Amino acid sequence: MTAHRRQGPRSTNRPGRIAAFFDLDKTIIATSSVFAFNKSFLGEGLLSRRSIIDLAYTQLAYSLSDADDDQMVKVRQAMATATKGWEPAEVERIATEALTETVSPTVYAEAQELLAEHRALGHDLVIVSASGEELVAPIARMLGVDHYAGTRMALDAEGRYGGSIEFYCQGTGKAEAIRGFADRYGYDLDGSYAYSDSSTDMPMLELVGHPTVINPDRALRREALSRGWPILTFENPTPLLPTLERASGPIVGLTSIAVAILAAVVSFARDSRRHD
């Protein structure tokens, strides 16, 4: 951890409630949430090896393009189409059953400490992730956070994934979700905190009074240095310690694994570019 880390969150005399908003992948856990569950999804038949290859080629085309909004829409729709007909409850069941083996060992020890510090100060803990809520939900319960939001898929008349995205919890979508939490629970955003590793989360970081970047990509590191934001390094994934408590339901409804796959592949591509 850097010297900035020792400043830590602090109590305030502000009248509103304070929240700490966390990105999930590469911020709390050292991997992508969907990559952690891939083996289980393959074993249960939700994903085939061919579908993973097809999705990877779709993402490759995106990463080699100018990565404009039109390309992002195409990739998101490809992921939604690939998972059309899936049952949200089944996805969450698989993720929950695989949680202890696949995700718990990848939680950063530094993130556990930071979550505990915020909890000790009476701050609410909130995960805001681009992954589908069926993946975020069991991880949020495991971590004992108060609220969580993820990407939500449109459902068909039978309650299955309908092949389109209703709410994409990425970029400005994360800021929208955070405003929703603030409206519902009375959070003082000027007194609140946000943590992320990705430059795509600038709208989320700019929304609060105390933004901090964790293991940032190059673009986010440049922004953090220019703005004087704290930069933390988390590097010790370890099994989750039973130190946190209290969990509650999602503020956003059922969602899809489809964009979780997209978020994971984008994260992988971004990590590859960091080492170029």
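Are D201 and K174 buried or exposed? D201 is buried, and K174 is buried as well, where buried stands for under 20% relative accessible area, exposed for over 50% and partly exposed for what lies in between (1.4 Å probe, protein chains only).

The structure is a predicted model, in which local features need pLDDT of at least 70 and side-chain atom pairs count only at pLDDT 80 or more, while totals for chains, interfaces and linings use all residues. Residues are numbered from 1 along each chain as its sequence is written, and side-chain values use heavy atoms, with hydrogens and water left out.

The pLDDT is the predictor's confidence in each residue, on a scale from 0 to 100. Its average for the protein is 76, and 62% of the residues score at least 70. Over residues 52–68 the pLDDT is below 50, and this stretch has 20 contacts in the model beyond near neighbours in sequence; a contact means heavy atoms within 4.5 Å. Residues 252–266 also have a pLDDT under 50, and for them the model has 69 contacts beyond four places in sequence.

Helices (H or I, at least four residues) and strands (E, at least two) are DSSP runs, numbered from the N terminus. In a regular strand the side chains alternate between the two faces of the sheet. Strands count as paired if DSSP finds at least two bridges between them. β1 runs parallel to β2, with four bridges joining the two, and F21 stands opposite V126 in β2. β1 also runs parallel to β5, here with three bridges, and F22 stands opposite Y195 in β5.

Next come the nonpolar cores. Such a core is a set of buried Ala, Val, Leu, Ile, Met, Phe, Trp, Tyr and Cys residues joined through side-chain atoms within 4.5 Å. The largest has 28 residues, and those with the most contacts inside it are F22, I28, I127 and L143. Two or more residues each come from β1 (19–22), α5 (109–120), β2 (124–132), α6 (133–143) and β5 (193–196). The most come from α6, which gives six residues. Apart from this core lies another, of 25 residues, among them F21, A149, Y187 and V208.

Charged side chains make further links. A salt bridge is a side-chain nitrogen of Lys or Arg within 4 Å of a carboxyl oxygen of Asp or Glu, and by this rule there are eight. In one of them R17 pairs with D124, with the closest N and O atoms 2.5 Å apart. Because R17 lies in the segment before β1 and D124 in strand β2, the pair ties together parts that are 107 residues apart in sequence. R17 is partly exposed, at a relative accessible area of 39%, whereas D124 is buried, at 6%.

The residues of the opening question, D201 and K174, also form a salt bridge (3.0 Å, N to O). D201 lies in the loop between β5 and α8 (202–206) and K174 in helix α7 (residues 172–185), so this pair ties together parts 27 residues apart in sequence. D23, K174 and D201 are linked in a network of salt bridges.

Finally, R227 and E223 meet in a salt bridge (2.8 Å, N to O). They are four residues apart in helix α9 (residues 218–227), so about one helical turn separates them. R227 is partly exposed at 39% relative accessibility, and E223 is partly exposed at 29%.
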